[in-house]
Amino acid sequence: MRLTFCFSFSGLLLSGLLFVQLSSAQRGPRGLGDSPELQEARIDSLIFLLELTEDQIPVVRAIFSDRLESLRELRPERNGGREQFQMIRAERQKINKETEIALGVFLSPEQMNRYRRFIERQNSDRKTQMRRRGRQN
């Protein structure tokens, strides 16, 4: 029981540290939230959180490197309008789904469940931050 508590506490602590890192990380070019620093922080957190094996680490790094390159190609044009925003949003969702499929090949079912919870928590935190910013402005 004590060991379970330690793991739970460690997970909670890691989530808190990750949230601080993600919220204070610099944004990438033209507002993309996936700068190289953020990407490395995310990968390092996932290595710990998912308990990746030595064989899985380089594969996961490569998958996220490809993801970052794909996201960088989505730079919006100035005054692109709502249609462009919707197109970029759809492309980001497609890239996220492709990333999840690629990870699913190399991760165990338990690791995939942890990854999905991680992403859900990240999305929830992002929505909370956006609501707070909206109230402040």
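This report describes the fold, core, helix packing and salt bridges of a predicted model.

## Overall fold

The protein chain has five helices and zero strands. Read from the N terminus, its elements follow the order α-α-α-α-α.

Of its 137 residues, 28% count as buried. Among contacts in the protein chain with a separation of 6 or more, 63% are accounted for by residues 24 or more positions apart.

## Nonpolar core

The largest nonpolar core has 15 residues. Within this core, L52, F64, L103, L107 and Y115 touch the most other members. Helices α2, α3 and α5 each supply at least two residues of the core; α2 covers residues 36-49 and α3 residues 56-72, while α5 covers 109-136.

Leaving aside neighbours within four places in sequence, Y115 is in contact with L46, L50, F64, T99, E100 and L103. Two of these partners, F64 and L103, are also listed with Y115 among the core residues that touch the most other members.

## Packing of α4 and α5

Two packed helices are described by the angle between their axes and the distance between the axes. For helix α4 (residues 81-106) and α5, the axes come within 9 Å and cross at roughly 155°. An angle over 145 degrees counts as roughly antiparallel, and α4 and α5 are therefore roughly antiparallel to each other. The crossing in which α4 passes α5 is right-handed.

On the α4 side, the contact is made by T99, E100, L103 and G104. On the α5 side, M112, Y115 and R116 take part.

Side chains of opposite charge can pair when their charged atoms come close. In the whole structure, a search finds seven salt bridges.

One of them is formed by R61 and E40, with the closest N and O atoms 3.0 Å apart. This pair links distant parts of the chain, since R61 lies in helix α3 and E40 in helix α2, 21 residues apart. R61 is partly exposed, at a relative accessible area of 30%. E40 is also partly exposed, with a value of 39%.

Where does E110 find its partners? The side chains of E110 and R114 meet in a salt bridge, at 3.3 Å from N to O. These two residues are four apart in helix α5, so about one helical turn separates them. E110 also forms a salt bridge with R117, where the closest N and O atoms are 3.9 Å apart.

E110 is partly exposed, with a relative accessible area of 41%, and R117 is partly exposed at 42%. Through salt bridges that share partners, E51, E110, R114 and R117 are joined into one network.

## Backbone at E51

E51, a member of that network, is placed in the loop between α2 and α3. Most residues other than glycine have a negative phi, and most peptide bonds are trans. The phi of E51 is near 50°, a positive value in a residue other than glycine.

Technical notes. Residues are numbered from 1 along each chain as its sequence is written. This is a predicted model: local features need pLDDT of at least 70, side-chain atom pairs count only at pLDDT 80 or more; totals for chains, interfaces and linings use all residues. Side-chain values use heavy atoms; hydrogens and water are left out. A nonpolar core is a set of buried Ala, Val, Leu, Ile, Met, Phe, Trp, Tyr and Cys residues joined through side-chain atoms within 4.5 Å. Buried means under 20% relative accessible area, exposed over 50%, partly exposed in between (1.4 Å probe, protein chains only). Contact means heavy atoms within 4.5 Å. A salt bridge is a side-chain nitrogen of Lys or Arg within 4 Å of a carboxyl oxygen of Asp or Glu. Axes are lines fitted to C-alpha atoms, for helices over the stretch in contact, and angles run from 0 to 180 degrees between N-to-C directions. Angles under 35 degrees count as roughly parallel, over 145 as roughly antiparallel, 65 to 115 as roughly perpendicular and the rest as oblique. A crossing is left-handed if the near helix is turned anticlockwise from the far one by less than a right angle, and right-handed if clockwise.
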